[in-house]
Each structure stands twice: as C-alpha cells, then as structure tokens.
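Morning, everyone. I have one structure to go through today, and I will keep it short. Please look at the sequence and the model as they come up.

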Amino acid sequence: LIEIDGKTDPALVGTAARQLIEQGAQIIIAPCDFDIGAPASQAAQEAGMVGTSTCASSPLYGSEVLGDLQFTASVWNNNLAGAGAQWGYNERGWRTAAVVNDTAYEYTQSLGELFKEGWTDLGGVIVSDDVYTAGDEDFSAQIGRIQALPEPPDVIYISGVNPELATILRQVRAAGITTPLMGGDTYDDVQLWAALGPELGNDLFFATHAWLGPEAGGNMEEFLALYQEEYGEPPAAGFTAMGWDVVMVYAQAIEAAGTTDGAAVAAKMEEMQFDLLSGHMDWSTAAEGHFPNKEVVMAQLQGAVPAF
C-alpha cells in the first residue's frame, strides 16, 4: 500500500495519484466525493488502471464522466436520497417536507435535488425549498422561512457538509424546531454528533453506507473484532467499512482476472457480485455508467447516539 495525503485539495489529489502511479501503483483507491476524488480517478484512467472511490456518491462518479475503468463503492445519490424519501414516506408516514440545500458541492447539490425528485414521485409535497453555501454561519433567514409556513412540515431535509452542517442543525434545534431532520451520509460523523450533543442531537435520520453493528449481518462482527484488535477502539462511523470493502473488491476481482491489468479487472468488477460489509453490491457495465446497485442503511440519532 502506497499512500499520499491529498489534503482534501482536488489539485493535490490529482498530483498525488500521478505520484503513486510513478511509484509503481497498479490500482488506485480514490477519496470521496466527486469534487475531491475525481482527479485521482482521472489520473488512473489516463494510466489505463482501475480507480475506485471509497464513498463518492455523486451520480457523476462513474464511467460516463470518468472513463470505463472507474468506479465508486458507494451508492449514488439517486439511491441515498431515494432511500431516505422512501423510508420517510412509507415507514414514517410523512407527507410534507422542507428542503435546505448546500449549493457549494456537486454532492450536496445533487443529493438535495434527488431527494425532492424522489419525494414528489412518491406523492409527497415540498412545502419549502431553500439553499445556503459553504462559509455561511447564520441560518436565521432559512429557519425563519420554515417557521413562517402555515403548518410545520413533517420532515426537514438538510443536505450539507461540515462544519456548516453542524452549525445549521444546531441553529434549527436552538430555534425550538422539533421537526424530524433528515439527510445523507455526512450525518454519519462522530464529530457532528459531538457538536450537537445529547440536548440537540435528537430525531435526526440519515441514509449512509454501512452500519457498524451486528444488525448488518455478514462479516461485520468479525471486522469489528479485527478493528478493535488492531486499533484498540471500535470504528467510529460507517465510512470506516468502505476502505475495507474496496480492498476486498479489488482482491476478488484481481484474483478472478489473474492480473492487475485495468481492462481485465474492470471487466470482472462489472461481471461479479460482491458481499461486502456495507451490503450486497454489483455494478452495471461501463456502457450503462457503472451504476452501483447497492443497499442503503437508514440510521437514527437520538441523544447524540446513533441507532440502526
């Protein structure tokens, strides 16, 4: 394993990937999300090797945009947002939703838009549609517009990344709004839970990649024991499982292909089905975009403690 820190900088990530390739890398593990991980996959594609992001969920992260050797081990936002909409509508009986969307990133932008699409397709109603952007610190205007609605919505869907996500969630709860809050995998973050604390971290629901508990089934309990033995503490959030999963996919695909050749490994990744810590998974062909067909976990935060 050759590792270089890309420092969440797209330009540096691309340079780092090229350095890895110069140092003899045969496959690339790229970071999340599209804005950050894509330069690594672009470098892999140029070199004729497979690249896989651990958890990029933008629908742009696939073969159509990045090339026929590029994959993501995440579900796309179609599924991440759609699972939340479906679960809220069918399991909770919610019918009205307010949406507040971070427009700064492709991930957050598409997540919010796809939630609205999934919600209305099910028959739900969007009663408020608002935005913010990275760097914002005061969300009183967005909160005020939600409070001014004739009736409180059944759920508020907030798409964002930290630190702004923690700030807006805290301000929503501090304003006295007790409506259930929902979002995507960026809610799966121990630092976010700590920032909210037991008083404000209640009735939050989120779609994420993996559940680190026996409810997940499969090899999860074995993984948790191995992780505890290696690091002396349990893994913090579902993202932890994704690096393991990418390595296992590569191991199985390379073994089946009998080579690390990019085209041969990509062909096996398209053909095979994988049972991973984060669920059952298979990819469509490159012509179909390398769509990741995969399960989604729904989790709840209550008292700043996550539950399946």
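How do the residues of the lining of the second largest pocket divide into nonpolar, polar and charged? There are 10 nonpolar, seven polar and three charged residues in that lining. Before I go further, note that this is a predicted model.

Let me stay with that pocket for a moment. The second largest pocket holds about 290 Å³ of space. It is lined by 20 residues, and those closest to its centre are A216, L277, S278, G279 and E295. Strand 9, residues 274-276, supplies at least two residues of this lining, and so do strand 10, residues 279-283, and strand 12.

Strand 12 takes us to the next topic. Strand 12 covers residues 297-302 and pairs with strand 8 in the antiparallel sense, over five bridges.

Now, is strand 8 buried or exposed? Five of its five residues, 204-208, are buried, so strand 8 is largely enclosed by the rest of the structure. Buried here means under 20% relative accessible area. You can check this face by face: L204, F206 and T208 are buried on one side, and F205 and A207 are buried on the other.

That leaves the largest pocket. Its space comes to about 1600 Å³. The lining has 41 residues, and A30, P31, C32, T54 and C55 are the closest to the centre. The elements giving two or more residues to this lining are helix 1 (10-22), strand 1 (28-30), helix 2 (34-46) and helix 10 (240-257).

Which element gives the most to the lining of the largest pocket? Helix 1 does, with four residues. Sorted by class, the lining of the largest pocket has 24 nonpolar, nine polar and eight charged residues.

Key: Residues are numbered from 1 along each chain as its sequence is written. This is a predicted model: local features need pLDDT of at least 70, side-chain atom pairs count only at pLDDT 80 or more; totals for chains, interfaces and linings use all residues. Side-chain values use heavy atoms; hydrogens and water are left out. Buried means under 20% relative accessible area, exposed over 50%, partly exposed in between (1.4 Å probe, protein chains only). Two strands pair if DSSP finds at least two bridges between them. On a 1 Å grid over the protein atoms alone, a cavity is a set of points where a 1.4 Å probe fits but cannot get out, and a pocket is an open set with protein on both sides within 12 Å along at least five of seven lines; lining residues have an atom within 4 Å of a point. Grid points are joined across faces, edges and corners, and a volume is the space filled by probe spheres set on the points. Ala, Val, Leu, Ile, Met, Phe, Trp, Tyr, Cys and Pro count as nonpolar, Asp, Glu, Lys and Arg as charged, and the others, Gly among them, as polar.
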